[in-house]
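The sequence and model are shown first.

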Amino acid sequence: MDSFLLCMMLTFAIALGGREQLIIAQFTEAVGRTTALLAMGMLCAVISASVMAYLGASLAAILPQRAADMLIAFALAAAAVELVWPVKIKSMKEPTRSIVAIGVVVFFRQIIDAARFVIFAFAAEATYPTTAMIGGAIGGVAAVALGWSAGLTQLRKFPLRWIRAGFGVCLFLATLVIGLNARYTFL
């Protein structure tokens, strides 16, 4: 239950101001607030959470415990780097109206997003990785729905850059503790 709740909350919080959320918000303002756009974004969030949870659980299962802990530290380090990296969205001159094309772009942005690396790490550590996958999927769906409902103009009013940087620092500290613990087993 704890991996479900923590993964859901962290996925939603870390996805705030992320590339996929801003892309959905940008398309919402460009082509309108359609239910097809929302459904495609939600479907991409569920699929990307499932893929990353499967990868995390599968890789951790074949590794010894200390190596699996180091894998988790590397995943969190990748998430921390992605969080502090500036998010820049290009303005669209002629936005596509193809929901499939939008879905492909959103899916590939989500696969390399910090929130999905957190799902990867939680699934690698969880006793039941399905709970981390479901929590991550719900958090990702909520983040997409927020981007869809708010729009890009409304999202830009919030200090999302600083929020993401703060989460990046926290994940970097967690990376240090988990990585040092995997190496020296002091905790």
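## Cysteines

The model, which is predicted, holds zero disulfides.

C7 counts as buried because its relative accessibility is 0%. C170, with a relative accessibility of 49%, counts as partly exposed, since exposed residues must be over 50%.

## Nonpolar cores

The largest nonpolar core comprises 29 residues, and the members that touch the most others are I14, L76, V118 and L171. At least two residues of this core come from each of α1 (2-15), α3 (35-62), α4 (65-84), α6 (114-125) and α7 (129-150). The greatest contribution is that of α6, which gives nine residues.

L76 illustrates the contacts made within the model. When neighbours within four places in sequence are set aside, L76 is in contact with V118, A121, L171, A174, T175 and I178.

## Helix α5

Helix α5 covers residues 99-111, 13 residues in total. From its first C-alpha to its last it reaches 18 Å, close to the 18 Å expected at 1.5 Å a residue.

The buried residues of α5 are I102, G103, V106, Q110 and I111. Viewed down the axis of α5, these buried residues fall within an arc of 160 degrees, so they line one face of the helix. In an α-helix there are 3.6 residues a turn, so residues three or four places apart point the same way. The packing partners of the buried residues of α5 are α2 (19-31), α3, α6 and α7.

A61 lies in helix α3. Its relative accessibility is 64%, so A61 counts as exposed. A61 and Q26 are 35 residues apart along the chain, and their C-alpha atoms are separated by 39 Å.

Methods
Residues are numbered from 1 along each chain as its sequence is written. This is a predicted model: local features need pLDDT of at least 70, side-chain atom pairs count only at pLDDT 80 or more; totals for chains, interfaces and linings use all residues. Side-chain values use heavy atoms; hydrogens and water are left out. A nonpolar core is a set of buried Ala, Val, Leu, Ile, Met, Phe, Trp, Tyr and Cys residues joined through side-chain atoms within 4.5 Å. Buried means under 20% relative accessible area, exposed over 50%, partly exposed in between (1.4 Å probe, protein chains only). Helices (H or I, at least four residues) and strands (E, at least two) are DSSP runs, numbered from the N terminus. Contact means heavy atoms within 4.5 Å. The expected span of a helix is 1.5 Å times one less than its number of residues. The arc is that of the directions from the helix axis to the C-beta atoms. A disulfide is a pair of cysteine sulfur atoms within 2.5 Å.
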